[in-house]
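Let's take a walk through this model together. Have the coordinates open and follow along.

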Amino acid sequence: MPAPSPHRPPRTRTAVLLAVLAAVAAGLGTLVLVRADAGLTTRQVTVGGVPMTEVRAGPPTPGVRRPGVVIAHGFAGSARLMRPIADTVARRGAVALLFDFAGHGANPARLPGAGSNTSTATLAADLDEAVGYLRSLPDVDADGIVLVGHSMGAGAVTRYATGHPEIARTVAISLPDAGELPPGRPTELLLIVGGAEFPAFRRTADDAVRRGASTGRRSAVVVPGAEHISVLFAARTHQEIADWLPGGDGNARPRPTVGLAGAALLVFAFGIGVVPLAALLLPSPARPGSPAPSGDRASSGGVPLFAVAVLAAGVGAAVAAVLPTGRLPLAVGGYVAGFLLVTGVLLVAGQRWLPGWLGAPQPATGTTVPAGRRGTARIAVATLALTGYAVLAVALPIHLGLTSALPVGARWWLLPLVAGACLLFLLGVELIAAGRTRRHLLVVAVTVVVLTASALVGLAPSFVLLVVPLFALLLGWQAAWAAVLRRYAGPRWLPAVLGAALVGWPIATTLPLS
């Protein structure tokens, strides 16, 4: 095998190749997202303080009325999350109307008692605004209004249809509870549930069908392999909704995952793009082959580290239930911020007071960190650039391909608080793991398991169980970036700073304002 060229070290060539690959993936992802809504027209309006989006296949045709479909998102969702369903029904000839409930997406109003029965009136009022606006459009058939809702939104649309018999048909995806549905109402009801969802959702769908068995038309559809979020992007879900519409073009094929594919390409591009960016901005190790100290074995202190991680996360889960952070006007997110804050403090304390017992290794030798004003300035520039990159890496793909991820209203001041809690937690992880990826992943895994357990026993909001997989993915992403930054001699606190953006931004911008 020929020796590497002395003019371009292997690490430099790798960075260049990854930069090219990231640029190609970003270009393809952007192209996919731009073409995702080809042939559709949209219009943004705000009615009664509720942000709404109209979606049509082409502009309105004078004298032609189409079915109208109001689409309601679930708890911690947004109009953007439901956009693929709007595209499907629009391509079937209907006018789709998306909107953000109070406390969600672009709606800066707070949802009182988010996640409880006290929010029912607010949800009904927002839904009524959307239905009234859709009825007022000149190209919408007022007798052909269809309601589609997911989870919390499914409960809202079924309650609304029960009290408004003029609603033509209703679709409830992952309906959480059928207890409020009277027998036979709404009469035209389609229930869709994911095969991999919690069993309670399947039982609710079956119960709703039984309640209307003697009157009207009701049916339940189980989408194989889909869980609570992926059911929204399943081809079967879209096909069933399209077939439930009155009239329309039955030949248009749903394309529910196009936006997700574009977002995935952007995530991939940003994920690998950090390598060439770090190579450009950070000092490279002077002797990458230098041996680490004898204490720098991945297995050293493994059992004590596990015990400290379990203790820290366990105490964090218990204390977060009574901390003032749990009272932040951010449903679920307030608890998570408190949990991360306390766990981070205890991890930092464990590294400070129990270094010998933990067997905590020191950072590997053989790196050069610039000193003096020039070195400090370089680190400052690198930190600002990489942090901005981290914000774009998480916010752009989520906002363009999944759900709303822009801060509005109280989210602007909640964002630094949540990010600060994430920063302290990730700094504690970095310190106690002492720069070792395996140790880092062990602490993260313990944290995720304890957070899940806290939801199961009632310490954390039950909704945590639905978002824990995404939380784990974000922490895994941060761990991968931390390994890259260590290889390029970044400061020990830099992975925590970038991780605070990666983890904190979605928490602060997607969970409901309460």
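**From the pocket to the sheet**

H14 supplies the largest share of the lining of the largest pocket, eleven residues; helices here are DSSP runs of H or I with at least four residues, strands are runs of E with at least two, and both are numbered from the N terminus. Before going further, note that this is a predicted model, where local features need pLDDT of at least 70, side-chain atom pairs count only at pLDDT 80 or more, and totals for chains, interfaces and linings use all residues. Residues are numbered from 1 along each chain as its sequence is written, and side-chain values use heavy atoms, with hydrogens and water left out.

Back to the pocket: about 1,100 Å³ of space lies in it. In total, 44 residues line the largest pocket, and Ile398, Leu402, Val467, Leu470 and Phe471 lie nearest its centre. (A pocket is an open set of points on a 1 Å grid over the protein atoms alone, where a 1.4 Å probe fits, with protein on both sides within 12 Å along at least five of seven lines; lining residues have an atom within 4 Å of a point. The volume is the space filled by probe spheres set on the points, which are joined across faces, edges and corners.) Helices H7 (258-281), H11 (372-401), H14 (464-487) and H15 (494-510) each give two or more residues to that lining.

Now for the sheet. Eight strands make up an open, mixed sheet, in the order S1-S2-S4-S3-S5-S6-S7-S8; two strands pair if DSSP finds at least two bridges between them. S1 (41-47) and S8 (217-223) are the edge strands with a single partner each, so one side of each has no neighbour in the sheet. Inside the order, S2 (residues 50-56) and S4 (residues 95-99) run antiparallel, joined by four bridges, and Glu54 sits opposite Leu97 in S4.

H4 touches S3 (66-72), S5 (140-150), S6 (169-173) and S7 (188-194), contact meaning heavy atoms within 4.5 Å. H5 (residues 199-211) touches S7 and S8.

H4 also meets H3: Thr120, Leu123, Leu127, Asp128 and Val131 in H3 contact Met152, Ala156, Val157, Arg159 and Tyr160 in H4.

Note on methods. Axes are lines fitted to C-alpha atoms, for helices over the stretch in contact, and angles run from 0 to 180 degrees between N-to-C directions.
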